[in-house]
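Me: Please take a close look at one surface patch. Then move on to the strands.

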Amino acid sequence: FPAAAGPLRATLLLLPCEEKQAVIAPQGEVVVELEWVSVHPDFSAWPQEVPVQKLTTWCGALVVTVISAAGLRAADTAYFFGKSTSDPYAKVIVACGPIKQHKKTKTLMKTLTPEWREAVEFGVRSDYDPVVSVEVYDYDMASADDFLGQVTLTLPVAPGEQQLDLEGDKASGHLKLAVEWRPVGPAG
């Protein structure tokens with residue numbers, strides 16, 4: 001650009017993002033016309049290399065396995081005899097731009113070292129890099145649940161288990177989890 005006078009016409013084919021599709025057939029098209037308009041009096045003074053932003057399309061299943069936690073803060077105070085403890089559960093949130101999905105693990109009663117070993121799966125189709133947040137809470141029957149901490153990851157991440165320190169107000173301990181990306185279709 002600018003190569004020639006007049007508008008540049010481009011046709012983009014819309015392809016489906018479906019698993020096990022033998023033939024990829026266009027599902028429609030978008031026609032875009034661009035016209036060069038110089039707004040800088042001396043175009044030669046602009047940098048010669050303009051960074052190109054890579055458009056990543058995510059299409060597939062994101063599996064987050066919440067394995068365990070250790071060193072959690074005791075949010076339930078023991079009165080008289082016994083130890084203070086928590087009733088932890090994890091809330092897994094996947095955000096792709098403005099779209100958010102969430103799922104919870106089961107609540108484990110009276111422990112500061114929960115072992116969930118629960119996998120939750122999210123369907124993802126987005127041009128935004130998925131951000132995974134795992135928030136840990138103490139379940140309370142009579143009042144609002146207590147926040148125990150959170151971890152946040154932006155995909156892509158290294159495969160396998162990861163042990164991450166919990167962050168946030170009054171957070172202590174760490175969370176062990178694994179994130180797996182299962183691409184499908186032409187965008188994977």
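Reply: **A nonpolar patch and the strands**

Met109, Tyr139 and Met141 make a nonpolar surface patch of about 370 Å². The model is predicted: local features need pLDDT of at least 70, side-chain atom pairs count only at pLDDT 80 or more, and totals for chains, interfaces and linings use all residues. Residues are numbered from 1 along each chain as its sequence is written, and side-chain values use heavy atoms, without hydrogens and water. Like charges are joined within 9 Å, nonpolar side chains (Val, Leu, Ile, Met, Phe, Trp, Tyr) within 5 Å.

Met109 sits in the loop between strand E5 (99-104) and strand E6 (115-126). Strands are DSSP runs of at least two residues, numbered from the N terminus. Met109 counts as exposed because its relative accessibility is 51%, and exposed means over 50%, buried under 20%, partly exposed in between.

E6 also belongs to an open sheet of four strands, ordered E6-E3-E10-E9, with antiparallel pairing. E6 and strand E9 (161-165) are the edges, each pairing on one side only. Pairing takes at least two DSSP bridges. Neighbouring strands are turned by 25° against each other on average, direction ignored. Inside the sheet, 10 bridges join antiparallel E3 (residues 58-70) and E10 (residues 174-183). Thr65 stands opposite Ala178 in E10.

Now strand E7 (residues 131-138), which holds Ser133. Ser133 is buried because its relative accessible area is 15%. Beyond four places in sequence, Ser133 touches Lys91, Val92, Ile93, Val151 and Thr152 (heavy atoms within 4.5 Å).

Methods: Patch = residues over 30% accessible without salt bridge, like charges linked within 9 Å, V, L, I, M, F, W, Y side chains within 5 Å. Areas by Shrake-Rupley, 256 points an atom, 1.4 Å probe, with all protein chains shown as cover. Salt bridge = Lys/Arg side-chain N within 4 Å of Asp/Glu carboxyl O. Buried < 20%, exposed > 50% of the residue type's maximum accessible area, 1.4 Å probe, protein only. Axes fitted to C-alpha atoms, helices over the stretch in contact; angles between N-to-C directions.
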